Amino acid sequence: MIVTPVFTLNDFLPVMPAAVLVVAAIVLMLSEVFLVSATRTYQAMLATLATVVAGGVAVHNAFEPARAALQGYAVLDPFSSWMTAMVCLGTGLAVLLSSGFLKHRNAERGEFYALMLFAAAGMSLLALSAEFITLFINLEVMSIATYALTAFLRRGPRPSEAGFKYFILGAFSAALLLYGAALLYGATGATKLIEVSAALPAAFIASPGLVYAGLGLVLAGFAFKVAAVPFHMWTPDVYEGAPTPVTALMSAGVKAAAFIALVRTSLFLVKGIPPEMPFYLFSGMALLTMIGGNLLALPQRNVKRMLAYSSIAHAGYLLLGVAALFAPQGAATTTDVGVFSATPLMGLVPNVSSGVYKGILFYLLGYTVTSLGAFGTISALERREDETRGNTWDLERFAGLAQRRPGWALAMAAFMLSLGGVPPTVGFLGKLFLFSAAVDAGLLGLAAVGILSSVVGVYFYLRVVVYMFMRPAPADATTPVRHWTTELALITSAVAVVGLGIVPGPITEWFGRLGMIFGH
Amino acid sequence: MNSIFDSRILNLVIFFPLAVAALVAFLPKDEKGQIRAVTFAGMIGSFLTTLWAWMRFETRSPVEFQLEYRLEWLSDVGISYHVGVDGLSVALVLLTGVLGPMVVLSSWNFVAERVKEFHVALLVLQTAMFGAFTSIDTMLFFMFFEAVLVPMYLLIGVWGSEERQKAAVKFFLYTMVGSVLMLLALFAVYFLSAPSGARSFDYSTMYNGMMGGSRELATYLKANPDGNGVGLTPVAFALFKYGPWLFLAFALAFAIKVPMFPLHTWLPDAHVQAPVAGSIVLAGVMLKLGTYGFWRFAVPFFPVAARQYQNFFAALSVIGIVYGALMCLAQRDIKKLIAYSSVSHLGFCMLGIFAFTAEGATGSAYQMLNHGVSTGALFLLFGMLYERRHARLMSDYGGIARVMPVFAAFFLIVTFSSIAVPGTNGFVGEFLVLLGTFKSNLPLAFGVIASTGVILGAAYMLWMVQKVFFGQVTHQENLALKDMDKRELAAALPFIVLIAVMGLRPQPFLDVLNTSTERYIARAKFAAGDGTSDERLVRVNVRQLPRVAVAQAPAPTPMPEGMVRPARPMMLQQLQPVKPALQPGDAKVLP
């Protein structure tokens, strides 16, 4: 018997932001067909407007109670809605950055913005998917748009190399995810997360190997997307080769969306399996990613590459938060401080999940504005004539920036301090929330490693500041060209980085509410 | 008794210079005279605000942090805008305020380029230093502590001498390394001192949270010195295991700032390259941020570890005293000589802090003020000479007393203060420190060796004075030097007055300092397991934030008998019933 599904308008609420983005993207593509004049700034404006509208809808959604929608294929919960709002913020800023960047290279086309909006729609949908096929399709919507964006500037070998690398590895990781989902389907007979979760304990007893394999593959697929060590190899090359505004979007949006999906999926999929397994997995990954990202960034003189490695390190801090969600409780805790053990500071381990969700969301918000700003400054400093020489992003480019463009230098200093986690910036608060949650969960050793590795990070972030303010400008240095959309994006991110650091205002309260994730 | 202004004075003190800086920033760039005049007037105004704070400070009040103001800020993570002063900090605030106007006078003609930026930097620097000395919230302190670096870096790097860039970067990086480590230790203390939900970066939460653990650990270590810490409560156990490391992280940050031997190498470079104004502020106030940090944070947070490392730090201080003095004897560059003399003088401050005796601590606190006055004056006076001749070597001068008799007289008085001649302020401080060292549990040798520093000090200073001021005029160009003009007299006279007043009537200053000395010593003793066992006497009592007080704060401890905690008006309690005024004498009568 076929049951005709009954949808109400309420069911479509979660996908509204994505719908707005997709419609705007289609309009942009059509506008390219009927374009007569060569001025395309209005396209950037239109795209920005779409992100603003979509973001507004997402913020509205964020205050709805968490519930399943579209027959359990998607969910509407604050976690995914806030994520969508952040994606819209990030995409809007990236679009503004792109306008000047592309114009400078005679490459401004409507399809670029359309691709960005498609990618944003994919991210938004990925964050709210609650079923494996939906998850996979949305992952691909997001990924295919970013593959194309990576190779958008078809000048020289680098963009195509980066695009191809990203495509191969991305397709590989998506395949892993799909294969894992198939194995889990085989074990449980369901694809909806909530049904998989219910059937998992029995399936684990029947065939533990199958469940482990399925879980491992699904997590590996996500680990690729969030660039967790040891699945991070693609990041530096792809980040370096992609047009800088696209890199900004990838570092903020793609990673954030994958993270949200990772958290949601793993919360559902740990039922029935030994509780220490996910903890060991996530804490091990967090450890490697925090240390690896920071150590690899250390020797980089290429600022764009340094930021790519640093984005790996930041994924590590987020994984630390995820590990805190799965920290051992009760009798499983110890009194010795270790990297893979939970040592409650005072008696029992409290329930840290709302602290972790708040930490993850605030960290992602902070990282979105900071990394958009940092990559934005880099993109504004790029010169076309350097592209063939391969030293476009050398530290030397920043030497004496304080004399040439004091405003940019100040903004970049704020971004660097925020990435390093120095007060009073948003990066500091984000780290504080995450590390607090980890310490509350008893992960003293892991939190200590995190704090120490972020000190290593302060070194390479401050090196950029030192170059900007303390080195004289090289003789051939030119004053970078200004473009109002770029500067608008830089100002917005700088104000957000410092403002949210001083007045995190009602946002932390919103992020800290209960019932953030559907079903948890 | 308590006026509505009391809780706002410190806000005025901190932000008045910043407001003047904003005003100066709007003045036209070429109006150099106007910029200087407005800055000078602003500094005088800022000095008056600090004087007001000093007058409102009550030495006989049982309240530790007076003129307190607390505003909710970042409640999620337990950071609040919380300022207040105790005896030491109000004195250092006054010192900062006094030096302000002289700094502007000292560079009236000296700085001719980028005048506006220079004065804005000076004013911002004042704000940052006031903020650092008055913060009760450690994160606020950290931010101000870091904020000091930026204008100072600019002062050295932009308006300094030939090698200014190198010196500025060296200064910046040294201090930065220390402060990053301190931030780490701050996090650790933050997590250690309170359970989840009640965590706060406030000084009171941090200190009160670890106080019991320190005491417990000290008692435990006394009973079994080689124990492995089994059976301790979590806080005490954590202090047992990581306390020394955390203490060293704090200590390193502040020792760089002081600077203690062997971390002093940035100081001579910075001083030599800095413009006069930079040198005065650097020596006069900024170095005290280091000693103040030991006094306020490093030692009270980790009293047990501080005891364990007492000999080590005392030894470094003594080495610093003697080494600084010996280095002075070898210098030919006058500015470098004064810089090394700072290393020596601040060795006395650190020795007093680590003697853990009342005399030592008082002497150390007094020495901080003295050093600010006398070394500030030395840099100011030498700056006048440098402005005339642009030479720093002693061999460039000689017989200056014949050409500039008034100047020579001023310089000699300041020299006497610097070498601690009885009757000057330097004598009181160094005498108290040495007395405290001899009375302490430190080996006798420490006191004896430190005393030689006094003699060496006299040697190098008088030797320098003799070479520069007496004898024949050896250089033709020195013959035409003009004596001090009115502006220079106005800049130098207050120092002479301060030297005399602080040397002959130290009691009013010591009274103020004693209020914090007593607490410092009581806290050190409490944690060492001797002295009082009543933890209410050493607990830090501050104003609670309204919401936190209801939701999370532990039950308020009753004040000890015979002490009154006067209710002071704050933003939420403006309508208070009028109470009969309390006299300091009748503190036992509860209202």
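The dialogue below takes up how several descriptions of this predicted model are reached.

Trainee: Why is the pair of rings of B:F65 and B:Y203 called edge-to-face?

Mentor: A pair of aromatic rings is described by the distance of the centres and the angle of the planes. The centres of the rings of B:F65 and B:Y203 lie 6.1 Å apart, and rings count as a pair if their centres are within 6.5 Å. Their planes stand at 90°, and because planes over 60 degrees apart count as edge-to-face, the pair is edge-to-face. By this rule there are 70 aromatic pairs over all chains.

Trainee: What makes this a pair that links distant parts of the chain?

Mentor: B:F65 belongs to the loop between α2 (32-56) and β1 (66-72) of chain B, whereas B:Y203 belongs to helix α8 (residues 203-223) of chain B, and the two are 138 residues apart.

Trainee: How do you know whether B:F65 is buried or exposed, and what of B:Y203?

Mentor: A residue is buried under 20% relative accessible area; B:F65 has 1% and is therefore buried, and B:Y203, with 1%, is likewise buried.

Trainee: What makes the rings of B:F312 and B:F313 an edge-to-face pair, and how is B:F312 classed by its accessibility?

Mentor: The ring centres of B:F312 and B:F313 are 5.3 Å apart with planes at 85°, so this pair is edge-to-face. B:F312, at 45% relative accessibility, counts as partly exposed, because that class lies between 20% and 50%, while B:F313 is buried, with a relative accessible area of 4%.

Trainee: How do you know that B:R523 lies over the face of B:Y207?

Mentor: The cut-off asks for a charge within 6 Å of the ring centre, and B:R523 is placed over the face of B:Y207 at 5.0 Å from the ring centre. B:K335 in turn lies over the face of B:Y386, at 6.0 Å from the ring centre.

Trainee: Which residues touch the most other members of the largest nonpolar core?

Mentor: That core has 399 residues, and those touching the most other members are A:F398, A:M416, A:L443, B:F250, B:F294, B:F301 and B:F302. Leaving aside residues up to four places away in sequence, A:M416 touches A:M306, A:L307, A:A374, A:Y461, A:V464 and A:V465. Another core lies apart from it, with eleven residues, including B:A355, B:V433, B:L434 and B:F446.

Trainee: How do you know that the span of α2(B) agrees with what it should be?

Mentor: At 1.5 Å a residue, the 25 residues of α2(B) should span 36 Å, and the end C-alpha atoms are 36 Å apart, so the two values agree. The buried residues of α2(B) include B:G42, B:M43 and B:W54, and what covers the buried residues of this helix includes α1 (9-25), β1, α3 (87-106), α4 (115-134) and α21 (507-528) of chain B.

Trainee: Why is strand β2 (residues 80-85) of chain B called largely enclosed by the rest of the structure?

Mentor: Six of the six residues of β2 of chain B are buried, so the strand is largely enclosed. Both of its faces are covered, with B:S80, B:H82 and B:G84 buried on one side and B:Y81, B:V83 and B:V85 buried on the other. β2(B) also pairs with β1(B) in the antiparallel sense over five bridges, and the bridge partner of B:R70 in β2(B) is B:H82.

Trainee: What makes B:S417 count as buried?

Mentor: B:S417, found in helix α17 (residues 405-418) of chain B, has 2% relative accessibility and therefore counts as buried. B:S417 touches B:S374, B:T424, B:N425, B:G426 and B:I499, not counting residues up to four places away in sequence.

Trainee: Which value describes the cis peptide bond that joins A:V229 and A:P230?

Mentor: Omega is about 5° for that bond, and A:P230 sits in the loop between α8 (208-226) and α9 (234-241) of chain A. The peptide bond from B:V258 to B:P259 is also cis, with omega near -10°.

Trainee: Why does A:N106 count as exposed?

Mentor: Exposed means over 50% relative accessible area, and A:N106 has 61% relative accessibility, so A:N106 counts as exposed. Its phi is near 55°, a positive value in a residue other than glycine. Phi of B:H390 is near 55° as well, and B:H390 is exposed, with a relative accessible area of 53%.

Notes:
Residues are numbered from 1 along each chain as its sequence is written. Chains are lettered from A and ligands numbered from 1 in the order in which they are written. This is a predicted model: local features need pLDDT of at least 70, side-chain atom pairs count only at pLDDT 80 or more; totals for chains, interfaces and linings use all residues. Side-chain values use heavy atoms; hydrogens and water are left out. Rings of Phe, Tyr and Trp (its six-membered ring) pair if their centres lie within 6.5 Å; planes under 30 degrees apart count as stacked, over 60 as edge-to-face and the rest as tilted. Helices (H or I, at least four residues) and strands (E, at least two) are DSSP runs, numbered from the N terminus. Buried means under 20% relative accessible area, exposed over 50%, partly exposed in between (1.4 Å probe, protein chains only). A charge sits over a ring if NZ of Lys or CZ of Arg is within 6 Å of the ring centre and within 35 degrees of the ring normal. A nonpolar core is a set of buried Ala, Val, Leu, Ile, Met, Phe, Trp, Tyr and Cys residues joined through side-chain atoms within 4.5 Å. Contact means heavy atoms within 4.5 Å. The expected span of a helix is 1.5 Å times one less than its number of residues. Two strands pair if DSSP finds at least two bridges between them.
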